[in-house]
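Q: Before we turn to individual features, could you show me how to read enclosed spaces, charged pairs and strands in a structural model?

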Amino acid sequence: MKKNIFYIIVGLFVLTLIYFTYSILEYLNTQRNNYSQITFCSTEGQNCFNKMFELILPKMLIHKVTINSKTPELLRLDWSARLVSDYAINNSDVLISYGVGYDITFENNYAKFLHKPVYSFDCGISVPPTLEAGCHFYSECIETNDFVVEFPNQIISNKVHKYTEMLDKLKLTDKKVFVKMDIAGAEKAALPQIIDNSDNITGMAIAFYLYDAKSVMEAMPILDKLNEKFVLISRNSLQFVSCPVDISSKYYKGGPCNYLFVLSYVNKNIIDKEEISWIQETTKLYKYKSIDESKYYPIIDNNISLIVVLIEKLKQLKTVLYKFS
């Protein structure tokens with residue numbers, strides 16, 4: 001009887017090993033083929049989207065972090081899919097927000113409940129919604145106005161500034177900053193300078209619009225640059241009725257119309273330790289809470305395959321072993 005149990009256990013182990021070996025080799029081969037299509041996909045359209053989307057998945061893996069020996073909670077400051085680190089928010093001195101549109105709930109709640117100043121920007125808005133005390137608005141864009149959304153009955157200001165210029169002008173160079181950004185594609189122009197001057201940034205919540213192969217490819221170097229100085233702790237998406245893309249991948253599970261991803265980061269300089277989480281569903285990885293009693297839209301989970309996680313963890317292990325060799 002004991003021998004039979006032993007053989008069953010060994011058999012299950014061998015089958016599991018074979019399964020994961022096959023899955024790893026299949027994934028690596030898929031990604032090799034995807035990389036070989038980059039040049040072609042830079043000029044091609046919809047047919048390339050899923051290939052490029054698979055290439056970006058390792059760059060959007062959620063990490064588990066500890067700050068002051070504790071696992072941070074995630075806060076919701078508005079109705080959207082933004083889940084931000086409670087530590088990064090509470091330890092910031094000021095919120096800088098780009099691309100507010102007509103909805104300034106996040107900004108108003110930051111000013112109202114944290115009693116700290118907010119500086120919000122949108123060059124497509126001339127008259128903003130009602131602002132809480134301490135919440136300031138400027139009809140300006142960061143870096144470029146090529147992607148500005150013209151809102152009804154509003155006048156585009158065409159005013160543009162650089163991040164460092166704004167910090168100097170508002171005397172924020174020595175302040176701890178939390179950055180919120182939803183600028184409909186302009187992030188690829190705005191983020192490099194912000195990341196290069198990010199020592200005082202506690203965290204960021206950034207919306208990425210991945211609506212075609214080109215937008216995914218443009219996001220790749222930005223995500224790489226972000227991952228050098230920041231750690232991704234939340235990845236959520238919004239579900240839309242009309243859809244410019246149809247996400248279909250063996251390595252991603254979520255709504256087919258989740259083309260708008262909200263990524264939330266904390267600065268590496270405020271964390272004790274971090275690791276890629278085996279769990280890739282935000283609401284299962286971290287607890288989250290709302291800052292007030294408002295009724296918010298439900299969070300739509302999405303998930304990245306365990307195989308992607310395993311490969312990236314093996315790459316990290318290889319890097320560590322190489323350093324000690």
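Predicted model: local features only at pLDDT ≥ 70, side-chain atom pairs only at ≥ 80, totals over all residues.

Q: Which element gives the largest share of the lining of the largest cavity?

A: That element is H8, with 4 residues.

Q: How many cavities of 30 Å³ or more does the structure hold, and what is the volume of the largest cavity?

A: The structure holds 1 cavity of 30 Å³ or more. The volume of the largest cavity is about 90 Å³.

Q: How is the lining of the largest cavity divided by class?

A: The lining has 6 nonpolar, 2 polar and 3 charged residues. Among the residues of the lining are Lys188 and Glu218, and the side chains of Glu218 and Lys188 also meet in a salt bridge, at 3.3 Å from N to O. This pair joins distant parts of the chain, with Glu218 in helix H8 (residues 213-229) and Lys188 in helix H7 (residues 187-196), 30 residues apart.

Q: What is the general idea behind such a pair?

A: Side chains of opposite charge can pair when their charged atoms come close. In this structure the count comes to 12 salt bridges.

Q: Where do Lys169 and Glu140 lie in the chain?

A: Their side chains meet in a salt bridge with an N to O distance of 4.0 Å. Lys169 belongs to helix H6 (residues 163-169), whereas Glu140 is in the loop between strand E6 (135-138) and strand E7 (141-142), and the two are 29 residues apart. Lys169 counts as exposed, at 60% relative accessibility, while Glu140 is buried, with a relative accessible area of 14%.

Q: Which parts of the chain does the pair of Glu275 and Lys313 tie together?

A: Glu275 forms a salt bridge with Lys313, with the closest N and O atoms 3.8 Å apart. Glu275 lies in strand E14 (residues 273-276) and Lys313 in helix H10 (residues 306-324), so the pair ties together parts that are 38 residues apart in sequence. Glu275 is partly exposed, with a relative accessible area of 43%, whereas Lys313 is buried, at 15%.

Q: Which residues are linked in a network of salt bridges?

A: Asp78, Arg82 and Asp182 are linked in such a network.

Q: How should I read the two faces of a strand?

A: In a regular strand the side chains alternate between the two faces of the sheet. Strand E13 is a case in which both faces are covered. Leu260, Val262, Ser264 and Val266 are buried on one side, and Phe261, Leu263, Tyr265 and Asn267 are buried on the other.

Q: Why is E13 described as largely enclosed by the rest of the structure?

A: The reason is that 8 of the 8 residues of E13 (residues 260-267) are buried.

Q: Which strands pair with E13?

A: Strand E10 (residues 201-209) pairs with E13 in the antiparallel sense over 7 bridges, and Tyr209 stands opposite Leu260. Tyr209 is also one of the residues that line the largest cavity. Strand E11 (residues 230-238) pairs with E13 in the antiparallel sense over 8 bridges, with Phe261 as the bridge partner of Ser237.

Note on methods
Residues numbered from 1 in each chain as written. Heavy atoms only, no water. Buried < 20%, exposed > 50% of the residue type's maximum accessible area, 1.4 Å probe, protein only. Pairing = 2+ DSSP bridges. 1 Å grid on protein atoms, 1.4 Å probe; cavity = no way out; pocket = protein on both sides within 12 Å on 5 of 7 lines; lining within 4 Å. Points joined across faces, edges and corners; volume = space filled by probe spheres on them. Nonpolar A, V, L, I, M, F, W, Y, C, P; charged D, E, K, R; others polar.
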